[in-house]
Amino acid sequence: TARGDTYEKQYRDSVASAVLQNKTLPNARVAAAEIAKSKTFPEQIDLVVSFGGLCLVGEVKFHLMPTDPHERDRHWTKLQGAADQAKRKAAALETRRDVLAVALGVPLVDAEGLRLLPVVVTNQGFGFSTRVNGVLVIEAGYLRTHLGAADIVTGMAIDLRGRAPELQRRTLYTSEAHAATQFEN
């Protein structure tokens, strides 16, 4: 549990840093800390990120990559449990937008306007971009990349005569609203 908490904090910090560097997402917010379970709020939430009217409610999982059929079966079971957790946590925030507003540091009216999307964020690619129990599974590095820049380098040609390499870029989104509408795609 302690290692999981440490990973969640380090990951949250890395996502926050990526978002801060992205000029295309000027209004994006990342909750600086987990939302803690308390007497007045029933869930502990690992990751909350909002951008373009979308709010990701993330259950962050650190698992080893499954290598054999038995491990894959157990991993799918773990993903199903994580998906159920993410849905439950999003439902809790749905009824407590005040908690969401405090976590993101935004006015309540802004928190009320967000569309909540439960997600499972994994440290490795098994199950990436699939839906488990209706919840999107996202690989942690991809999410950080997506939130960190509106375009990514997908290839490069090297000129052997010493000229600068030619980078091939792919635009992921052109605005914050576009980032939100394109995210699930």
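**View A. Helix α2 against the sheet of the predicted model.** Helix α2 (residues 69–95) lies across β2 (47–51), β3 (54–61), β4 (115–122), β5 and β6, and runs at about 150° to β4. Helices (H or I, at least four residues) and strands (E, at least two) are DSSP runs, numbered from the N terminus; axes are lines fitted to C-alpha atoms, for helices over the stretch in contact, with angles from 0 to 180 degrees between N-to-C directions. Helix α6 also packs on the sheet, where it touches β2, β3, β4 and β6, and its direction makes about 125° with that of β2. This is a predicted model, in which local features need pLDDT of at least 70, side-chain atom pairs count only at pLDDT 80 or more, and totals for chains, interfaces and linings use all residues. Residues are numbered from 1 along each chain as its sequence is written, and side-chain values use heavy atoms, without hydrogens and water.

**View B. Strand order and the β5 edge.** The open sheet is formed by six strands in the order β1-β2-β3-β4-β6-β5, with mixed pairing (at least two DSSP bridges between two strands). β1 (29–30) and β5 (131–132) are the edge strands, each pairing on one side only. β5 pairs with β6 (residues 135–139) in the antiparallel sense over two bridges, and R131 stands opposite L136 in β6.

View C. E176 belongs to helix α6 (residues 176–183). A polar atom of the E176 side chain lies 2.9 Å from the backbone nitrogen of N27. Beyond neighbours within four places in sequence, residues in contact with E176 (heavy atoms within 4.5 Å) include P26, F51 and G52.

Definitions and conventions:
A polar contact is a pair of N or O atoms within 3.5 Å; within protein, one must be able to donate a hydrogen and the other to accept it, and residues adjacent in sequence count only if both atoms are side-chain atoms.
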